Structure formats: structure tokens, C-alpha cells
Amino acid sequence: MADRPALLGSRILGVDVGKKRVGISISDSNAKVATPHSILDRKSALIQIKKIIDDYSINFVVVGIPLFGNNSIMMEASLIQQLATDGLELNSENYYKVKELLASAKDKKLNSLEDAVSFSIELIDNCPIRLYLHDEKFTTKIVQSAARSQNISAKKQSGKLDDLAATVMLQGFLDSLEVET
């Protein structure tokens, strides 16, 4: 599990990876409260995230990954599942195992799980950060439901909720740190 004292004094970046967009949220410096930051175009997201990391002096990134779905796929991705459910860092010990898993699973249609983990590996390869995976199960549905309860139509929601989904995911990660201490 992530070490809360190590996280103190540094903002944490939350990333919700989608096919077209990447939602971004940032915690306060005490790693207690997540707030929405921005919605990035997927094609240029890595460059923009690098700038956000520099601008906010971020050392820790949490990427949301979907852990729901086909059980046989999750059996293939058990290492990824363990990283996400146990709050373990995607580090040099498990990095190559995860890369191999993704390479071997190309034909098994991991879809959004593969997208999120592949993006995580790109972040690690390009940014001086510590990276954690966290289950983002139902974050988009939670945000869409909240928007519907405010009478915001699905059409108006389109493309405007990704940063909120990142915030729900990051807050879940931060709350899990509270449980551990």
C-alpha cells in the first residue's frame, strides 16, 4: 500500500484514461482532497501531463483502471488486479511483468484495461514519478448519475465529465490511504 507519510507535502495527480479524452484531477498537498483539474485530448495527453507534473511538482500519479468485467480476462490480468486492489506501486519489480502481460494479451481484448495500463507505462517511461494503479470501477457512472440528478442531459454531459471521474477515482485512492493509517 502507498505510504501516506511519503505522500505528504506533494500533490497527487489522478488520471482517468479514455479512448478520446483523459480526465485529470489533483489532490491538495496533504493528500486528503481531490479536485478536478482538466480534460485532455488523448493524443496530446502525455505532453500535457508532463507539464502539469512540472507545474505542480508532482511525484505521485494514480491511474484509474477498470477491474470489472470478464473474469477470464481478469485471470490473465491478475498482477494488474493485485497492483490496483492492494495499492502497490507499478515499479521496477513488476514493470516488465506488466509489459509482458500486455504484449501477450494483445489478442485477448483487454480494451480499456489495456489502454489504461499501457498509458501508465508510457507515463513511467517519460516522467520521473511513482505510479499507482487504482480501481476506477463505476466512476463514470457515478458522475453521470450525479449530472442526471441535476437535470443535465446526456448530450450536455458528453466530453465534460472526465475530470470529475478522475476526481472520484483519486478520492477513492486517498480515502483508502486513510483506512490504512
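**The sheet and its labels**

Tutor: This is a predicted model. Its open sheet is built from 5 strands in the order β3-β2-β1-β4-β5, with mixed pairing. β3 (34-41) and β5 (130-135) are the edge strands. Ignoring direction, neighbouring strands are turned by 25° against each other on average.

Student: What makes β3 and β5 edge strands?

Tutor: Each of them pairs on one side only.

Student: How do you know that β1 and β2 pair?

Tutor: Pairing requires at least two bridges between the strands. β1 (residues 12-17) and β2 (residues 21-27) are joined by 5 bridges, so they pair; they run antiparallel. D16 has G23 as its bridge partner in β2, and V17 stands opposite V22 in β2. The two strands form a hairpin with 3 residues between them.

Student: What makes β2 and β3 a pair?

Tutor: They share 7 bridges and the cut-off is at least two, so they pair, again antiparallel. R21 stands opposite D41 in β3. This hairpin has 6 residues between its strands, and A31 in the turn has a positive phi of about 55°.

Student: Why is β2 called mostly covered?

Tutor: Buried means under 20% relative accessible area. In β2, 6 of its 7 residues are buried, so the strand is called mostly covered.

Student: Which strands does helix α4 touch?

Tutor: Helix α4 (residues 78-86) packs on the sheet, touching β4 (60-65) and β5. Its direction makes about 95° with that of β5.

Student: Where does helix α6 lie?

Tutor: Helix α6 (residues 112-126) lies across β1, β2, β4 and β5, and runs at about 165° to β4.

Technical notes: Residues numbered from 1 in each chain as written. Predicted model: local features only at pLDDT ≥ 70, side-chain atom pairs only at ≥ 80, totals over all residues. Heavy atoms only, no water. Helix = DSSP H or I, 4+ residues; strand = E, 2+ residues; numbered from the N terminus. Axes fitted to C-alpha atoms, helices over the stretch in contact; angles between N-to-C directions. Contact = heavy atoms within 4.5 Å. Buried < 20%, exposed > 50% of the residue type's maximum accessible area, 1.4 Å probe, protein only.
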